[in-house]
Amino acid sequence: MVIPMRLAEPSHVQSKIPTDLEHLRKLFIMPDSPDRFMQFGYELLDLIHSFFKEKGGIHSEISLPQLACLFNAIDIPKEPKLLKDILAEVKQKVIKHSVKVGNPYYIGHMTSAIPYFMILLEMIIAALNQNQVKIETAKASTFVEREFISWIHRLIFCKSASFYKRNIQNHRIALGNVTLDGTLANLTAMLVARNKAFPADERFPGIRKAGVAETFRYYAIHKAVFIVSQRGHYSIDKVARITGIGDNNVIKIPVDSNNKIDINALKKVLKEISEYNSSHHDTIKVISLIGIAGTTETGNIDDLMALRKIADEYNIFFHVDAAWGGSVLLVNKYRDLFRGIEKADSVTFDAHKLLYSPLSMGLILFKNPYDLLNIMHTSDYIIRPDSVDQGRFTVEGSRPFSCLKPWVTLKIFGTTGFEVLFDHAFMLTSTLKDVISKHENFELLNSPELFITNYRFVPENIQNKINRIYEQLSNADQQKATRLQKRLKKLNDGINEMNIELHRAIRQEDNSFVSRTMLESTRYRGQKIVVLRAITINPLTTPAILQEIIDEHNKLSLTIYHDFKNRLFHI
Ligand SMILES: Cc1ncc(COP(=O)(O)O)c(C=O)c1O
């Protein structure tokens, strides 16, 4: 029977702790004895449990400057302290002031509740401390990782059973990599695409060896570009910087009213590039066309079929960023939303989003099992060419055994369990959409596909004013139309300010949380609109909670409107 220890408040007067090797060794094996290890483990779980049981605010009340004061020691601690004291400090200073992202009223980001067994799995991961870079430090876990990668590869690309039987543990190739996160997955895909775009030949060693400058000279390249929609995640810009492409060469195609890439605008850009290339010696090389399956701000999915067709026409590498939406493929009845994903050259997928794993783990999958050879690297002391080391294919060096978490989750929930979770998330999204659409003081601003809803507060009488402007616009001459557009813009400026204020008030009240962004793609084209962004994926959130959240937003909004009315809406 293990008796839990009570963590003391951190004491200021502390007994002298031995610094001899014998004492430190005990810490490395287990604190003092196996019993103490179990006692601390139990206490730690109790500590975590009380964090979850605690009612009240999502964010602690402490201000950011006050928080900075808690962590302003400039000296590295010199004298050892007792584990129990430090755990007490962690409880007081860290856990107490952490964000309750699993709270069912927290619907603002892609991080939500996680299954409790994840905490136990994290303990296994830490205890085993496997380094996935090489088999010498990751024996069974290397094979688990390959099995997991193969499952997700099959989920996306649906190749034959014999393909997977042949390749699941074929160490000569890699179907994909487990990465630190979605950003690193996108980076890996774009490195492969870039290296494939500028390969070696008998006179040239390829971009990996030659570098960007020499490659551009050799291939007579004016510039190399990535193409993605305006809804592309900012990681694509980062990747452009890292790969030597540059921010300015990420071409952002406008989106339609559903936040999907505008196919006609894309075709126009590609035609212009083609025309440029046929009339210039130095050409523009499109390294990759990137589709999105679950846009970060709005949760929409590009027309992946159309993108594949266009990529084929221009012979471009086609990548799909499914960091957000990819997991929904686990449920067959939703597969149609992603039509064409199986034709992508590579796909990014995040486990810490809709696989409900704790942070962080991304995945990059390649349809062609030889593609990752384009970034293969070896070394004399590990990741030797003939080894089975996963590190031969990854951008990262040392990597944790993070895939244990989604691998176990898929076994515990099964695809049937995920169907229940995603059905619930779809139901919540549709409930929220209804609540907002029917509410006289709120305006729905997107067509939610994958659990993300954009909306804003607009009091009924201002909505009426806007509707009247639209009616007048339908038969206004040029001069009048300009005047009306100006009025509309002024109204929207005021509404933007009010919604920023509302977002502040929601944070202040701290009973719920939604996030905020700005979109240029709403029905008010030409003007950026401040929108609130709700992400409804938490299995603990209910329709009644959503109603409560909107009711509270409404109450806060009306107070704000009262203050803004005279200043902003005398139009
Ligand atoms: C579509 C999309 N791609 C990429 C990323 C980056 O993922 P990560 O934060 O795991 O690096 C995100 C994150 O929200 C995303 O929504």
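Author: Helices here are DSSP runs of H or I, at least four residues, and strands are runs of E, at least two, numbered from the N terminus. This is a predicted model: local features need pLDDT of at least 70, side-chain atom pairs count only at pLDDT 80 or more, and totals for chains, interfaces and linings use all residues. Residues are numbered from 1 along each chain as its sequence is written.

Reader: What angle do α5 and α13 make?

Author: Two packed helices are described by the angle between their axes and the distance between the axes. Helix α5 (residues 117-128) packs on α13 at about 140°, with the axes 10 Å apart (lines fitted to C-alpha atoms over the stretch in contact, angles from 0 to 180 degrees between N-to-C directions). That makes α5 oblique to α13 (under 35 degrees is roughly parallel, over 145 roughly antiparallel, 65 to 115 roughly perpendicular, the rest oblique).

Reader: Which residues of α5 meet α13?

Author: Phe 117, Met 118, Leu 121, Ile 124 and Ile 125 meet Leu 404, Lys 405, Val 408 and Ile 412 of α13 (C-beta atoms, placed from the backbone, within 7 Å).

Reader: And how do α6 and α13 cross?

Author: That crossing is left-handed. The axes of α6 (residues 139-157) and α13 (residues 404-438) come within 10 Å and cross at roughly 60°. On the α6 side, Val 144, Phe 148 and Trp 151 make the contact, meeting Leu 404, Pro 406, Trp 407 and Leu 410 in α13.

Reader: Which residues of α12 are buried?

Author: In α12 (residues 304-313), Leu 304, Leu 307, Arg 308, Ile 310 and Ala 311 are buried (20 or more other C-beta atoms, placed from the backbone, within 10 Å; 12 or fewer is exposed, in between partly exposed). Down the axis they fall within an arc of 165°, so they line one face of the helix (the arc of directions from axis to C-beta atoms). Asp 312 and Glu 313, on the other side, are exposed. The cover over the buried residues includes α11 (263-279), β4 (283-292) and β5 (317-322).

Reader: Where is the cis peptide bond?

Author: Most residues other than glycine have a negative phi, and most peptide bonds are trans. Leu 359 and Ser 360 are joined by a cis bond, omega about -10°. Ser 360 sits in the loop between β6 (346-350) and β7 (362-366).

Reader: Phe 451 has a positive phi; is it buried or exposed?

Author: Phe 451 has phi of about 70° and is buried, with 25 other C-beta atoms within 10 Å.

Key: Two residues are in contact if their C-beta atoms, placed from the backbone, lie within 7 Å. A crossing is left-handed if the near helix is turned anticlockwise from the far one by less than a right angle, and right-handed if clockwise.
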